[in-house]
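Notebook open, model loaded. I'm jotting down what I looked up, in the order I got to it.

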Amino acid sequence: MDEHKEDTEAYIPSLGDYRDALRGFDAAVCDAIAVGQAISGRRASHRIGFGTHISTRITGHAQAMVRAAPLSRWVRSDFDAWDFCALAGHARAIIEGVLLFHYLTDEPESDEEWSARINVMNLNDCTRRIQVLGGFGLTEEVAALEAQAEELREELKANNWFVSLKEPLQRKLLTGNWPTIQSRDEQLEKLGWDREHFYSMWNMLSQYTHVLPFSIYRTEPEGRGTGLLNDTDLSYCYMVLVACTGFMTEVTDKLLEWFPDAARARQGLASKFSPGPKKNLPNHRRWRFLPF
């Protein structure tokens, strides 16, 4: 399909470059898990508490991603599948999670702003559950959720900070179809992320998360999309490993701002946590019963 050829030469990482990127991501995942387990169960403000819950979900995707990555030490296999689709969905979820993490943990200007943020997210949760459960015919659960959604709308309408927003934005948020008050572009601007680069990455990941023409049309050349080692899948896997290493490090840094004593758990590839690869297990989890 010559009409779809790239117009420019792209950088092709070597297998050694890929191994270095995988090692860096592996270390970032180990840090995230170890620090997450070190702060588990601690008392914190609602804002920080939400942050820890989101970081746990981000880490779950990161752990799944490092297990799916070709040549990962986290799994044993007779072969490696070099297909970018194995990483794309997890990478997309990590980026999405980091945006939500920053949005919810950003210091609010007042208690009313914080209440509005949470109730907009709660309303979105109710709306999504109604859509999902309604399709399964769970009428009682849907009725309860619809009542809860109306309560949340009334709380938002009584919130002085919320009603100070522009009316079109209020109406949009009261539908329950949006989890955040800020748009994605506003979040990107606040974080200083390059908008064009973000959407290029986001759109590419979306093409491989779903089965769309972008991920189909070039399947055959050089083994692309077949699971065989090829330059394109190698390059894409390398790219997201590097990007997600930065995102994971960013979240772990923030957790340690809140819980600085947990820094001792951050030891890169030598971090201790359970469950995990054998070399990362705490010593007491390595004990074995001796035969008698």
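Predicted model: local features only at pLDDT ≥ 70, side-chain atom pairs only at ≥ 80, totals over all residues.

Started with aspartate 31. I placed aspartate 31 in helix H1, which covers residues 15-38. Then I checked what it touches: leaving aside neighbours within four places in sequence, aspartate 31 is in contact with Thr252, Arg266, Gln267, Gly268 and Ser271.

I looked up the confidence next, and the mean pLDDT of the chain is 91, with 92% of residues at 70 or more. Residues 1-8 have pLDDT below 50, and I find 6 contacts for that stretch beyond near neighbours in sequence.

Zoomed out to the whole chain. I get 11 helices and 0 strands. Of the 292 residues, 42% are buried. For contacts with a separation of 6 or more, I note that 70% join residues 24 or more positions apart. The C-alpha atoms fill a box of roughly 65 × 60 × 45 Å along the principal axes.

Last stop, the surface. The chain exposes about 17,100 Å², and 53% of that comes from carbon and sulfur atoms. I picked out a nonpolar patch made of Val132, Phe136 and Leu138, with about 300 Å² accessible together. Leucine 138 sits in the loop between helix H4 (111-135) and helix H5 (139-157). I logged leucine 138 as partly exposed, because its relative accessibility is 33%.

Notes:
Residues numbered from 1 in each chain as written. Heavy atoms only, no water. Patch = residues over 30% accessible without salt bridge, like charges linked within 9 Å, V, L, I, M, F, W, Y side chains within 5 Å. Areas by Shrake-Rupley, 256 points an atom, 1.4 Å probe, with all protein chains shown as cover. Salt bridge = Lys/Arg side-chain N within 4 Å of Asp/Glu carboxyl O. Helix = DSSP H or I, 4+ residues; strand = E, 2+ residues; numbered from the N terminus. Buried < 20%, exposed > 50% of the residue type's maximum accessible area, 1.4 Å probe, protein only. pLDDT = per-residue confidence, 0-100. Contact = heavy atoms within 4.5 Å.
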